[in-house]
Amino acid sequence: MCSAEAVPVVACRQLVRRFGERRALDGVDLDVAAGETLVLTGGNGAGKTTLLRVLATVLRPHGGAVSVAGHDLPRHARAARPSIGYVGHEPLVYPSLTALENLQLYGELHAVQPGRCHEALAMVGLERRGNDRPADLSRGMRQRLALARAWLHRPALLLLDEPTAGLDADGREVLRAMLDQHAGAAVVATHEPDWFAGGRELRLTLGRVAG
């Protein structure tokens with residue numbers, strides 16, 4: 001938990017999200033501070049992806065309270081979005097644009113300096129593939145591009161859903177370097193908690209915090 005003086009980047013109190021009659025999140029309480037990595041674990045259907053999607057403002061909560069970077073959700077979701085970098089199960093890139101053009105478009109939305117797009121490509125090892133479209137990239141390279149997109153605007157909160165999926169050893173080193181350089185908070189859903197050994201683990205079971 002965060003100290004009383006610090007404002008957490010993520011704060012959830014009795015967070016509820018339903019799908020029909022089923023509660024995917026059932027009274028979740030958590031805080032995540034700047035500089036902290038929270039590692040979400042649990043079996044399939046535990047609520048990890050649902051929690052990330054609520055924090056990413058993709059899903060609306062049905063109960064409780066949740067805030068990101070000081071913005072209450074869902075009321076101030078628009079104000080919260082510039083503080084969020086999200087990598088889901090899909091890379092969320094435009095297939096008709098090149099890798100560099102994807103970053104440039106995203107950068108324009110966040111008023112990012114143009115040179116940072118080239119910097120982000122270099123950070124993920126795609127500096128020579130900037131003119132390639134996503135279809136010409138391997139799955140692991142598309143995952144690297146998604147990481148570059150999420151990190152591009154230096155968000156206060158990184159949300160990563162199974163980020164190691166499809167990454168080879170070099171790609172995992174890219175991910176490690178990104179997390180090491182990230183000054184904000186990160187919430188990672190993973191089936192490989194040992195790989196994120198430096199983070200604080202939180203296990204979900206049927207939408208509740210275990211233990």
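## Close-up views of a predicted model

**View 1. The crossing of helices α3 and α4 is right-handed.** The model shown here is predicted. Helix α3 covers residues 99-109, and its axis comes within 9 Å of the axis of α4. The two axes cross at roughly 130°. Angles over 145 degrees count as roughly antiparallel and 65 to 115 as roughly perpendicular, so α3 and α4 are oblique to each other. From α3, the contact is made by Ala99, Leu100, Leu103 and Gln104. From α4, it is made by Cys117, His118, Ala120 and Leu121. Six residues of this contact are nonpolar, two are polar and none is charged.

**View 2. Helix α4 packs against helix α5 at an angle of about 140°.** Helix α5 spans residues 139-151. The axes of α4 and α5 lie 9 Å apart. This angle makes α4 oblique to α5. α4 passes α5 in a right-handed crossing. On the α4 side, Glu119, Ala120, Leu121 and Met123 make the contact.

**View 3. Glu119 sits in helix α4, residues 115-123.** Leaving out residues up to four places away in sequence, Glu119 touches Trp151 and Arg154. Glu119 and Leu152 are 33 residues apart in sequence. In space, their C-alpha atoms are 8.7 Å apart.

**View 4. Strands β1 and β2 form a hairpin.** Strand β1 runs over residues 10-19 and strand β2 over residues 22-32. They pair in the antiparallel sense, over eight bridges. Two residues lie between the strands. Gly20, in the turn, has a positive phi of about 65°. When following either strand, keep one general point in mind. In a regular strand, side chains alternate between the two faces of the sheet.

Definitions and conventions. Residues numbered from 1 in each chain as written. Predicted model: local features only at pLDDT ≥ 70, side-chain atom pairs only at ≥ 80, totals over all residues. Heavy atoms only, no water. Helix = DSSP H or I, 4+ residues; strand = E, 2+ residues; numbered from the N terminus. Contact = heavy atoms within 4.5 Å. Pairing = 2+ DSSP bridges. Axes fitted to C-alpha atoms, helices over the stretch in contact; angles between N-to-C directions. Parallel < 35°, antiparallel > 145°, perpendicular 65-115°, else oblique. Left-handed = near helix turned anticlockwise from the far one by under 90°. Nonpolar A, V, L, I, M, F, W, Y, C, P; charged D, E, K, R; others polar.
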